[in-house]
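Here is a set of questions about the cavities, the ligand and some backbone features of a model.

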Amino acid sequence: MQAISWEHDRLKLLDQTVLPLKKVYITCTTYQQVADAIRNMKVRGAPAIGVAAAYGMALAAGSIQAANRDEFLSKLKEAAGVLIATRPTAVNLAWAVDRIIAVAEAAEDWQQLPALIAKTARNMEEEDIAANRRLGRNGAKLLPDKVSILTHCNAGALATAGYGTALGIVRAAREMGKTVSVYADETRPYLQGARLTAFELMEDGFPVTLITDNMAGHVMQTGRINCVVLGADRIAANGDTANKIGTYSLAVLAHENNIPFYVAAPVSTLDLSLSTGDEIPIEERSPLEVTHVFGQQIAPESIHVYNPAFDVTPAKYITAIVTDKGVAFPPFNQSLPQLIQE
Ligand code: MRU
């Protein structure tokens, strides 16, 4: 399943706001359209918005009219600012855009930049898929031969350039001959679990059981799962991990039930410049995501709403952080820098 593709100098995105009921592709020809698609979650998931933003930079570069290198770079940085501002929590977005800016600044011939930036974005797409495959194998080795996994939100092919992080581990486990089944949390308010993870896993023929978020404790207590495997949007140097709202509650429940809690993320999700998760910016989204479901109002008119899109799971609840460069175990402020150096 491919959520992002670059075809004839245009960015094609599978519109994730209408899945699983409709499979609609949208085409972006400007970086502003890419920014809107990220903001409105037509494309979502930390690695996917990074790759989409890199292609957004390619679209920006292709449209810039400039008399010289300085003017070109200044307009490119304007586009970078717009793309980075769309969603604050997932570090992959700024990481990808900053990488494009670094390539542009280092280039000798600024007039070749549109082609060079498109090529760099394409490399980033391919690197993400390869990283997820490595990550998947690293994580699958940690699992028993017959395993029932609880996951949250969607950290699958739809949330990446392909294969997925948490769901990459699910895929790799099956490729290794393990028997895998998944419980998917529906993931209120945006329902990425019900709409995307359930859909993606069913398409690939995995046994998947959908539960509402408040069923997770019961599912753990009654021995229905062996481990929790989910993704990340930003991981601080001490291992504190920002991920979809509800992840923290799952971590506490897993700890209480002696269930391993694995975070899966490529090293592009690490932000070792932050010493703890307290410094991670948490995106707040529209109250309408809470008061309405598929356009249907489910709460009183004008009710006050708090809608944080992510929470931070303290490192003490995390059994291991599985990356494309290997598996980090606590203490993470030692194991994470080692992974990056290797
Ligand atoms: O708001 P979303 O759908 O972009 O949130 C996605 C998540 O929280 C994922 O778990 C995370 O980005 C990892 S995706 C491989």
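Q: Why is the largest cavity said to lie between domain 1 and domain 2?
A: This is a predicted model. Domain 1 (4–132) and domain 2 (133–341) each give residues to the lining of the largest cavity, so the cavity lies between them.

Q: What makes the largest cavity a cavity, and what is its volume?
A: A cavity is a set of points where a 1.4 Å probe fits but cannot get out, with the protein atoms alone on the grid. The largest cavity has a volume of about 230 Å³. Its lining has 26 residues, and G45, A46, N154, D233 and N243 are the closest to its centre.

Q: Which elements give two or more residues to the lining of the largest cavity?
A: They are helix 2 (46–63) and strand 9 (241–244). Helix 2 has the largest share, with 3 residues.

Q: How do the residues of that lining divide into nonpolar, polar and charged?
A: In the largest cavity, 13 are nonpolar, 9 polar and 4 charged. Gly counts as polar in this division.

Q: What is the volume of the second largest cavity, and which residues line it?
A: The volume is about 50 Å³, and the structure holds 2 cavities of 30 Å³ or more. Among the lining residues are M41, P189, Y190, Q192, K244 and R285. The lining divides into 6 nonpolar, 2 polar and 3 charged residues.

Q: Which of the residues around the ligand come nearest?
A: Of the 18 residues around the ligand, these are R44, R87, Q192, N243 and K244.

Q: What is omega for the cis peptide bond from R188 to P189, and where is P189 found?
A: Omega is near 5° for this bond. P189 is in the loop between strand 5 (179–185) and helix 7 (192–203). Another cis peptide bond runs from L19 to P20, with omega near 0°, and P20 is in the loop between strand 2 (10–14) and strand 3 (25–28).

Technical notes:
Residues are numbered from 1 along each chain as its sequence is written. This is a predicted model: local features need pLDDT of at least 70, side-chain atom pairs count only at pLDDT 80 or more; totals for chains, interfaces and linings use all residues. Side-chain values use heavy atoms; hydrogens and water are left out. On a 1 Å grid over the protein atoms alone, a cavity is a set of points where a 1.4 Å probe fits but cannot get out, and a pocket is an open set with protein on both sides within 12 Å along at least five of seven lines; lining residues have an atom within 4 Å of a point. Grid points are joined across faces, edges and corners, and a volume is the space filled by probe spheres set on the points. Helices (H or I, at least four residues) and strands (E, at least two) are DSSP runs, numbered from the N terminus. Domain bounds come from an automatic or database domain assignment. A residue is near a molecule or strand if one of its heavy atoms lies within 4 Å of it.
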